[in-house]
Amino acid sequence: MNNYKLGISLIFLFTSSFAFAAAEPLKEVSEVVELPNLSQKQIFDSSKIWFAKTFKSANNVIQYEDVATGTIIGKGNMPYPCSNTWKCMAFADQIILFTLKIDTKDNKARLIFNDLRSKSTKPKPTSFVKPGAELEIYTDKETVEDGIKKVISEYADEIKKSPTD
């Protein structure tokens with residue numbers, strides 16, 4: 001009887017931990033990118049150009065920059081990444097909003113995406129969420145994280161191709 005109670009308790013504990021994990025939104029995605037043979041200044045300058053080209057906006061996307069510390073902070077967005085036809089149809093009108101911090105040093109940069117939110121850009125007759133509402137990302141976190149990692153990969157490729165002084 002004690003083994004039965006212990007088994008039931010362990011099953012409850014194990015399954016309830018998944019419920020709490022699923023209730024946690026995607027908070028941050030970060031990665032260090034190796035950029036061999038580039039100085040902090042070269043990476044910093046190229047990162048500013050990449051930021052402006054990648055996150056086209058009527059507003060100034062770069063919110064803060066400090067060449068001495070090698071830090072750039074800005075706001076950006078990207079289309080909601082999708083991994084299959086159904087998800088592409090379901091999230092066609094969604095974008096991912098974020099704050100991006102780039103810390104540059106000689107031969108590397110760290111990219112930190114946080115303040116992650118999804119936003120609907122068009123009204124849907126079947127949706128209970130108002131267009132323009134910004135929501136934390138609770139579902140499909142892996143797909144969103146993969147989309148951000150693709151942006152990081154594109155950043156690394158672009159910075160490596162940038163001219164050196």
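Select Asp-115 to start: this residue is in strand 5, where strands (E, at least two residues) and helices (H or I, at least four) are DSSP runs numbered from the N terminus. Its phi is positive, about 55°, although Asp-115 is not a glycine. Most residues other than glycine have a negative phi. With a relative accessible area of 47%, Asp-115 is partly exposed; buried means under 20%, exposed over 50%, and partly exposed in between, with a 1.4 Å probe and protein chains only.

This is a predicted model, in which local features need pLDDT of at least 70 and side-chain atom pairs count only at pLDDT 80 or more, while totals for chains, interfaces and linings use all residues. Residues are numbered from 1 along each chain as its sequence is written, and side-chain values use heavy atoms, with hydrogens and water left out.

**Stop 1: Asn-114**

Select Asn-114, also in strand 5. Asn-114 has a relative accessible area of 24% and is therefore partly exposed. Show its contacts (heavy atoms within 4.5 Å). Leaving aside neighbours within four places in sequence, they are Lys-27, Glu-28, Phe-98 and Thr-99. For a distance label, pick the C-alpha atoms of Asn-114 and Thr-99: they are 5.4 Å apart in space and 15 residues apart in sequence.

**Stop 2**

Now select Phe-113. Outside four places in sequence, Phe-113 is in contact with Lys-27, Glu-28, Val-29, Phe-98, Thr-99, Leu-100, Ile-148, Val-151 and Ile-152.

Which residues touch the most other members of the largest nonpolar core? They are Phe-113 and Tyr-155, in a core of 31 residues. A nonpolar core here is a set of buried Ala, Val, Leu, Ile, Met, Phe, Trp, Tyr and Cys residues joined through side-chain atoms within 4.5 Å. To see where the core comes from, colour strand 1 (28-34), helix 2 (40-54), strand 3 (71-79), strand 4 (94-105), strand 5 (108-120) and helix 4 (141-161); each supplies at least two of its residues. Helix 4 gives the largest share of this core, 7 residues. In soluble globular proteins, nonpolar side chains tend to be buried together.

**Stop 3: strand 4**

Select Ile-102 in strand 4. Ile-102 counts as buried because its relative accessible area is 0%. Not counting residues up to four places away in sequence, Ile-102 touches Ser-47, Trp-50, Phe-51, Gly-70, Thr-71, Ile-72, Ala-109, Arg-110, Leu-111 and Tyr-155.

Then go to Gln-94, which is found in strand 4. Is Gln-94 buried or exposed? Its relative accessibility is 15%, so Gln-94 counts as buried. Beyond four places in sequence, Gln-94 touches Pro-79, Tyr-80, Ser-118, Lys-119 and Ser-120.

**Stop 4**

Select Asp-140, in the loop between strand 6 (134-135) and helix 4. Asp-140 has a phi near 60°, a positive value in a residue other than glycine. Its relative accessible area is 18%, so Asp-140 is buried.

Move on to Glu-154, whose place is in helix 4. Glu-154 counts as partly exposed because its relative accessibility is 41%. Its C-alpha atom is separated by 9.8 Å from that of Trp-50, which is 104 residues away along the chain.

**Stop 5: the second largest pocket**

Select Asp-45, Ser-46, Ile-49, Ser-162 and Pro-163: of the 12 residues that line the second largest pocket, these are the closest to its centre. The volume of this pocket is about 190 Å³. Helix 2 and helix 4 are the elements that give two or more residues to the lining, and helix 2 gives the most, with 6 residues. By class, the lining has 4 nonpolar, 3 polar and 5 charged residues.

A pocket is an open set of points on a 1 Å grid over the protein atoms alone, where a 1.4 Å probe fits, with protein on both sides within 12 Å along at least five of seven lines; lining residues have an atom within 4 Å of a point.

**Stop 6: the whole chain**

Zoom out. The protein has 4 helices and 6 strands, and from the N terminus the elements run α-β-α-β-β-α-β-β-β-α. Of its 165 residues, 34% count as buried. Among contacts between residues at least 6 apart in sequence, 63% join residues at least 24 apart.

Key:
Grid points are joined across faces, edges and corners, and a volume is the space filled by probe spheres set on the points. Ala, Val, Leu, Ile, Met, Phe, Trp, Tyr, Cys and Pro count as nonpolar, Asp, Glu, Lys and Arg as charged, and the others, Gly among them, as polar.
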